[in-house]
Amino acid sequence: MSNTETRPAEMRCGGGTEADRPAEVEILGARDVPLGGPRAMRVRRTLPQRARSLIGAWCFADHYGPEDVARTGGMNVPPHPHTGLQTVSWLFSGEIEHRDSLGSHAYVRPGELNLMTGGHGIAHSEVSTPDTTILHGVQLWVALPDEHRGTERDFQHHVPHPVALNGGEARVFLGTLAGATSPVRTFTPLLGAELTVSPGARLVLDVDPAFEHGVLVDTGDVLVEDTPVERAALGYTAPGRTALTLTNRGSDPARTILLGGPPFGEEIIMWWNFIGRSHDEIAQAREDWTKGSRFGEVQGYDGSPLPAPELPNAPLKPRGRAR
């Protein structure tokens, strides 16, 4: 998914130290963001924000739906560029058609991972299919480390098998959890999983103590450790834990997305759909997109590519974590 805000704010991110991080669960609330246009879908964004920019290499998290496509028109994002990142698409309901300049033509379906590597540059489009009535899911970005941010464009698809847990179920789409390992390639250690917690259950997960974690709540009355996390909010825990406890206080199953990874030790600049290390690098990516070079062409989309917004007047500068 593109960041289609017409005036995208600079999203500044960087690594921090253990001393910067609180010991308990930190709640990151979501802000409402329109994806452009009078009938545009709105998303709830928890990353990045001032309180915390990244969780491991996870640098962007949008949560959307359940969205009545008949009312909103669904998703129709024209071809747009990406650099320096991987996009991770995960649906709970609906279907999205994906086309990219690598030549990939695929569908995002519930419980199936689509991961696209932008690297030096890729373009793609995303359109909800005609049969979709309710669109509901998350769109996530992963920052590529400096040594790999110019890597070749790539596309991977994976359908994780559900793993039964004592008190719930997991679908591990990236990394390793509860004995399940995803084969999907990433450039830093990562964890990404959909977790369902049974009504009234207390789910205890063994986790890597080198990782920081974020729990994004989709549905349910959820505690992360002993801290309530509201729907669409994200509960953050710092490295050092060997176990993570989720409790469902409700009478229906709760659904969450678990993200994790070791703290990302590099400063980065996020602006529009680009991740770079300097203002000049971002400006060059924008110029290349405007001129129609570098990113390739998306075949099969009926419409024009998304134009790049204007750069801000002040230079874009990398900045470390706010905390």
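Reader: Before anything else, what does buried mean here?
Author: Buried means under 20% relative accessible area. This is a predicted model, and of the 323 residues of its chain, 58% count as buried.

Reader: How confident is the predictor, on average?
Author: The chain has a mean pLDDT of 91. Residues at 70 or more make up 90% of the chain.

Reader: Where does pLDDT stay under 50?
Author: Over residues 12–22. The model has 42 contacts beyond four places in sequence for that stretch.

Reader: OK, secondary structure. How many helices and strands?
Author: Two helices and 27 strands.

Reader: And what share of the contacts join residues at least 24 apart?
Author: The share is 75%, taken among contacts between residues at least 6 apart in sequence.

Reader: Sheets next. What's the strand order in the seven-strand one?
Author: The order is 2-23-20-25-18-15-14. The sheet is open and its pairing antiparallel.

Reader: Which strands stand at the edges?
Author: Strand 2 (26–28) and strand 14 (163–165). Each has a single partner strand, so one side of each has no neighbour in the sheet. The twist from one strand to the next averages 25 degrees.

Reader: What holds paired strands together in general?
Author: Strands of a sheet pair through backbone hydrogen bonds.

Reader: How many bridges join strand 20 to strand 23?
Author: Four, with strand 20 covering residues 212–219 and strand 23 covering residues 234–237. The two run antiparallel. His 213 stands opposite Thr 237 of strand 23.

Reader: Walk me through the pairings. How many bridges between strand 19 and strand 24?
Author: Five, in an antiparallel pairing. Asp 206 has Ala 243 of strand 24 as its bridge partner.

Reader: And strand 21 with strand 24? How many bridges there?
Author: Three bridges, again in the antiparallel sense. Val 222 is partnered by Asn 248 in strand 24.

Reader: What about strand 21 with strand 22?
Author: Strand 21 (residues 222–224) pairs with strand 22 over three bridges, antiparallel. Leu 223 sits opposite Pro 228 in strand 22.

Reader: Why call strand 24 largely enclosed?
Author: Because five of its six residues, within 243–248, are buried. The rest of the structure largely encloses strand 24.

Reader: Switching to cores. Which residues of the largest nonpolar core touch the most other members?
Author: Trp 58, Val 88, Phe 173 and Leu 174, out of 34 residues. Several strands each supply at least two residues of this core, including strand 5 (58–68), strand 10 (113–117) and strand 15 (168–174).

Reader: Which strand gives the largest share?
Author: Strand 12, with five residues.

Reader: What's in the second core?
Author: That core is separate and has 26 residues. Among them are Leu 191, Val 215, Leu 244 and Leu 246.

Reader: Now Leu 190. Buried or exposed?
Author: Buried: the relative accessible area of Leu 190 is 5%, and the cut-off is under 20%. Leu 190 is in the loop between strand 17 (180–181) and strand 18 (191–197).

Reader: What does Leu 190 touch?
Author: Beyond four places in sequence, its contacts include Ala 57, Trp 58, Val 142, Leu 174 and Phe 211. Leu 190 and Leu 259 are 69 residues apart in sequence, with 7.6 Å between their C-alpha atoms.

Reader: And Arg 71, buried or exposed?
Author: Exposed, at 57% relative accessibility. Arg 71 lies in helix 1 (residues 69–72). The C-alpha atoms of Arg 71 and Met 41 are separated by 9.7 Å, and the two are 30 residues apart along the chain.

Reader: Last one. What does the side chain of Ser 93 reach?
Author: The backbone oxygen of Ile 134, at 3.2 Å. Ser 93 lies in strand 7 (residues 85–93). Not counting residues up to four places away in sequence, Ser 93 touches Pro 110, Ile 134, Leu 135 and His 136.

Notes
Residues are numbered from 1 along each chain as its sequence is written. This is a predicted model: local features need pLDDT of at least 70, side-chain atom pairs count only at pLDDT 80 or more; totals for chains, interfaces and linings use all residues. Side-chain values use heavy atoms; hydrogens and water are left out. A polar contact is a pair of N or O atoms within 3.5 Å; within protein, one must be able to donate a hydrogen and the other to accept it, and residues adjacent in sequence count only if both atoms are side-chain atoms. Contact means heavy atoms within 4.5 Å. pLDDT is the predictor's confidence in each residue, from 0 to 100. Two strands pair if DSSP finds at least two bridges between them. Axes are lines fitted to C-alpha atoms, for helices over the stretch in contact, and angles run from 0 to 180 degrees between N-to-C directions. A nonpolar core is a set of buried Ala, Val, Leu, Ile, Met, Phe, Trp, Tyr and Cys residues joined through side-chain atoms within 4.5 Å. Buried means under 20% relative accessible area, exposed over 50%, partly exposed in between (1.4 Å probe, protein chains only).
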